[in-house]
Amino acid sequence: MSVGRGKEGYSSGADRNPWEDRVRETARARVPEQQNRKVVRHSVRGQILDALRAALIAGELAPGEIYSGPALGERFGVSATPVREAMQQLALEGVVECLPNRGFRVLTRTPGELAELAEVRALLEVPVMLRLARTVPSAAWVALGPAAAETVEAADAGDPARYADADREFHRAVLALAGNAQLLLVASDLHRRSQWPLPGPRRIRRAELVAEAAEHVAVVSALSAGDLSGAESLIRGHFAPR
């Protein structure tokens, strides 16, 4: 039996399954960011920005400390200019503050600020994911298996920077199913802001990454199997305060 979408403009019979189109659209939605990243990473500024982000996530650049452009340039084997340009981008993202004639101070995220970011992410993402769980067919969730698996591999490797990238990409792939470009922009910015810097001397532990990555796989598995009740519980738990 063929199923159509009636008033929403989808027809039944020999027409192409609209959800196959949605999966294709999701794949295309992921391409622009990947293309932009490839272009940026060919530049010195882009490479330094990636390196600084990785250092922040790993705790190598400590909250409250001041770092000069020339010193960081020497560390990375480049001039101070691309470092300053990269730091300006991090300042826009609320990670560092510019100190004239001194350098850049890494801002401290308090536990309260991290909790606020987590709350906003939950308010934004949970309702969307629950709606998608009810409306997107299992085939689309199966297609997200590799993105979930990448978070597991990054977690197992104990690489927080790689995990941060994989985590954002997984959530972006899920939200892309909603077909809302503005949602992707806002959610991605919130997600990145919530990933660093951690307060005080705390470091991301491998066990935390492994547990979080396992939740990605569990959500995809439940939705692929059509287990809406299980998926809803997993989604809410994934965004619950830690």
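This is a predicted model: local features need pLDDT of at least 70, side-chain atom pairs count only at pLDDT 80 or more; totals for chains, interfaces and linings use all residues.
Biologist: Where is Gly69 found?
Modeller: Gly69 sits in helix α3, which covers residues 69–76.

Biologist: Is Gly69 buried or exposed?
Modeller: Buried. Its relative accessible area is 3%, and the cut-off for buried is under 20%.

Biologist: Which residues of α3 and α4 meet?
Modeller: From α3, Gly69, Pro70, Leu72 and Gly73; from α4, Ala80, Val83, Arg84 and Met87. By class, that contact has five nonpolar residues, two polar and one charged.

Biologist: How do the axes of α3 and α4 cross?
Modeller: At roughly 110°, coming within 8 Å; α4 is residues 80–92. That makes the two helices roughly perpendicular. The crossing is right-handed.

Biologist: Changing topic to α11. Which residues are buried there?
Modeller: Ala231, Ile235 and His238 are buried in α11, which runs over residues 228–238.

Biologist: Why are they on the same side of α11?
Modeller: Because they cover an arc of only 65° around the axis. In general, an α-helix has 3.6 residues a turn, so residues three or four places apart point the same way.

Biologist: And what does the face turned away from the buried side carry?
Modeller: The exposed residues Ser229 and Ser233.

Biologist: What covers the buried residues of α11?
Modeller: The cover includes α5 (111–135), α8 (160–176) and α10 (206–224).

Key: Residues are numbered from 1 along each chain as its sequence is written. Side-chain values use heavy atoms; hydrogens and water are left out. Helices (H or I, at least four residues) and strands (E, at least two) are DSSP runs, numbered from the N terminus. Buried means under 20% relative accessible area, exposed over 50%, partly exposed in between (1.4 Å probe, protein chains only). Axes are lines fitted to C-alpha atoms, for helices over the stretch in contact, and angles run from 0 to 180 degrees between N-to-C directions. Angles under 35 degrees count as roughly parallel, over 145 as roughly antiparallel, 65 to 115 as roughly perpendicular and the rest as oblique. A crossing is left-handed if the near helix is turned anticlockwise from the far one by less than a right angle, and right-handed if clockwise. Contact means heavy atoms within 4.5 Å. Ala, Val, Leu, Ile, Met, Phe, Trp, Tyr, Cys and Pro count as nonpolar, Asp, Glu, Lys and Arg as charged, and the others, Gly among them, as polar. The arc is that of the directions from the helix axis to the C-beta atoms.
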